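Here is a short tour of a protein model, written to be read with the structure open beside it. Take it one section at a time and turn the view as you go.

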Amino acid sequence: MSLTRRAAALAALSFLTLGACASSSTPPETTIYLVRHAEKEVGDNPPLTIVGRARADILAEELSGAGLTAIWSTDYTRTRETAKPASNRTGLPIQIYDPSRLDSFAARLKATPGTFLVVGHSNTTPDLVKQLGGKPGAPIDEAREYDRLYVVTVTRGHVNTEIRRYGG
């Protein structure tokens, strides 16, 4: 075989090998951290309590190494305040989602590779986990449970759910 034919054959083999490696690479993963807002004052659209602000700071610290790529919150003072320390730490803006349209929001999250924090409410967060294909566990105790942290991971259509506690 001539030198030019051998070089052409090696180039073709290299191209095929690189193509095979690229096609077998692991598809992107989506990881979604979901929480209910932290402890709140009473009233219409209340802010967080001192304890709630401390819990929001702990959440930001806990997720500091997670590599967040987006932060989502409903448009309420308590949820935005829960997301704010993570936003400040990462420099990511808080994006607003509509909790009355969880089905379309879940589809958007599942279709977007990245690592997200989603702050919602005791009645919407488990529903969103379910819409994502995850397992929401027992209902959130409205009066006392502010420390549930869902971790929903979507890889190649497979959904895994983990329930953690934070700031306890």
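## A question to start with

Are Tyr97 and Phe105 buried or exposed? Tyr97 is buried, and Phe105 is buried too; here buried means under 20% relative accessible area, exposed over 50%, and partly exposed in between, with a 1.4 Å probe and protein chains only.

Before going further, a word on the source: this is a predicted model, in which local features need pLDDT of at least 70 and side-chain atom pairs count only at pLDDT 80 or more, while totals for chains, interfaces and linings use all residues. Residues are numbered from 1 along each chain as its sequence is written, and side-chain values use heavy atoms, leaving out hydrogens and water.

## The overall picture

The protein has 5 helices and 6 strands, which are DSSP runs numbered from the N terminus (helices are H or I with at least four residues, strands are E with at least two). Along the sequence they follow the pattern α-β-α-β-α-β-α-β-α-β-β.

Of the 168 residues, 42% count as buried. Among contacts with a separation of 6 or more, 62% join residues 24 or more positions apart; contact means heavy atoms within 4.5 Å. The accessible surface comes to about 9,400 Å², and carbon and sulfur atoms make up 54% of that (Shrake-Rupley method, 1.4 Å probe; for residues, only the protein chains shown count as cover).

Let's return to the rings. The structure holds 2 aromatic pairs, where rings of Phe, Tyr and Trp (its six-membered ring) pair if their centres lie within 6.5 Å, and planes under 30 degrees apart count as stacked, over 60 as edge-to-face and the rest as tilted. The rings of Trp72 and Phe105 have centres 5.1 Å apart and planes at 65 degrees, so this pair is edge-to-face. Because Trp72 lies in strand S2 (residues 70–73) and Phe105 in helix H4 (residues 102–110), the pair ties together parts that are 33 residues apart in sequence.

Tyr97 and Phe105 make a stacked pair, with 4.3 Å from centre to centre and 5 degrees between the planes. Trp72 is buried at a relative accessible area of 7%, and Phe105 is buried at 5%.

## Helix H2 and its two sides

Helix H2 (residues 50–62) has 13 residues and reaches 18 Å from its first C-alpha to its last, close to the 18 Å expected at 1.5 Å a residue (the expected span is 1.5 Å times one less than the number of residues). Its buried residues are Gly52, Arg55, Ala56, Leu59 and Ala60. Seen down the axis of H2, these fall within an arc of 145 degrees, so they line one face of the helix; the arc is that of the directions from the helix axis to the C-beta atoms.

Cover for the buried residues of H2 includes strand S1 (29–36), H3, strand S4 (114–120) and strand S5 (148–155). The face turned away from the buried side carries the exposed residues Ile50 and Val51.

Leu48 has its place in the loop between S1 and H2 and is buried, with a relative accessible area of 1%. Not counting residues up to four places away in sequence, Leu48 touches residues including Arg53, Ala56, Arg78 and Glu81.

Ser87 is found in helix H3 (residues 77–90) and is buried, at 11% relative accessible area. Leaving aside neighbours within four places in sequence, Ser87 is in contact with Ile71, Leu92, Pro93 and Ile94.
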